Amino acid sequence: MFSKINFEILIQIVIEIFISLSIITGLVTRKINFLVHPKFNIFLWISAILLIIIAIFSSFSIFKARHMNIFSKYFLMMIPLLLCMVVSVKNSELNNMEKYYDSTANGVSDSKSIISKDKPSSSLDIESFDSDGDKNKYRRSLGVDYVEIDDKKYLKWYYDMTYKWNDFEGERFRFLATVFKPENGNQYVVLGRLGMVCCMADLQPCGFIYNGKGYESLRKGEWYWVTAKIKENKKYTYNYEKLPMAYDIKIEKARKPTDEYVYIQ
């Protein structure tokens, strides 16, 4: 019976199925996004499905025995696959990352800021996206007294507000935000989004300090439409950063979005 099996085809099928299941598992658990930007997930799903289809078609030839099976060309491919099984994709590092995300969601407050006092900084290390300071890049729609900021604009707009807030002083903006709270103290909340530039390894809260009327009643993790003006924050530190401050604010209850993250578009 074994003499009729084409072991070279069998090895190909095992490798194709293993890679496909690894990709699907990473997509379902979302751990693959520690390494890959979510916008590429659709291509990973397509790749996994194609590998399964190739494995199915390869199975038709599994009983077409060959007189000489050549296994040497699979050795190089098997080495990283075996390492993945032995090391288990550095589970300890992934667990540490998950703990980090939990801590950023809760917030960290420290009076000893490690950031320059002259201007806010960010571990995403992104400078202002437009050097001309053109106020017209954020325009109001007809009939409203605010500029609508959608998810596609949010992260670029956030960094303009961080680095060049004075270029837009007095302007009102409306955006979707969730609530982050500092672990130490209850002097303020942060209204913002979790921003991603590359992958989940650089995920961090990108939002605005708020300590005005009613801030104590805002619940962590709840979603709101926020209409507010933005100004410089010289007092409060959240997650080791002096985030901009929201004021003259209007808050409306909102539904949780399908995608909680914002990205560089």
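Biologist: What is the mean pLDDT of the protein, and what share of its residues reach 70 or more?

Modeller: This is a predicted model, with a mean pLDDT of 75, and 70% of the residues reach 70 or more. Residues 87–133 have pLDDT below 50, though that stretch still has 90 contacts in the model beyond near neighbours in sequence.

Biologist: Which elements have the lowest and the highest mean pLDDT?

Modeller: Helix α4 (residues 91–106) has the lowest, at 45, and strand β2 (residues 172–180) has the highest, at 93.

Biologist: On to α1, then. How does the reach of α1 sit against the expected span?

Modeller: Its 23 residues reach 33 Å from first C-alpha to last, close to the 33 Å expected at 1.5 Å a residue. After α1 comes Arg 30, with a positive phi near 70 degrees.

Biologist: Why is α1 called roughly antiparallel to α2?

Modeller: Their axes cross at roughly 155 degrees and come within 9 Å. Angles over 145 degrees count as roughly antiparallel, so α1 gets that label relative to α2. The crossing is left-handed, too.

Biologist: Which residues of α1 and α2 meet?

Modeller: On the α1 side they include Ile 13, Ser 20, Ile 23 and Leu 27, and on the α2 side they include Leu 44, Trp 45, Ala 48 and Leu 51. Ile 13, Ser 20, Ile 23 and Leu 27 are also among the buried residues of α1.

Biologist: What makes Leu 21 partly exposed?

Modeller: Leu 21, in helix α1, has a relative accessibility of 49%. Buried means under 20% and exposed means over 50%, so at 49% Leu 21 falls in between and counts as partly exposed.

Biologist: What is His 37 in contact with, leaving aside neighbours within four places in sequence?

Modeller: His 37 is in contact with Met 196, Val 197, Cys 198, Cys 199 and Tyr 263. Take Met 196: it is 159 residues from His 37 along the chain, yet their C-alpha atoms are separated by 8.3 Å.

Key
Residues numbered from 1 in each chain as written. Predicted model: local features only at pLDDT ≥ 70, side-chain atom pairs only at ≥ 80, totals over all residues. Heavy atoms only, no water. Contact = heavy atoms within 4.5 Å. Helix = DSSP H or I, 4+ residues; strand = E, 2+ residues; numbered from the N terminus. Expected span 1.5 Å × (residues − 1). Buried < 20%, exposed > 50% of the residue type's maximum accessible area, 1.4 Å probe, protein only. pLDDT = per-residue confidence, 0-100. Axes fitted to C-alpha atoms, helices over the stretch in contact; angles between N-to-C directions. Parallel < 35°, antiparallel > 145°, perpendicular 65-115°, else oblique. Left-handed = near helix turned anticlockwise from the far one by under 90°.
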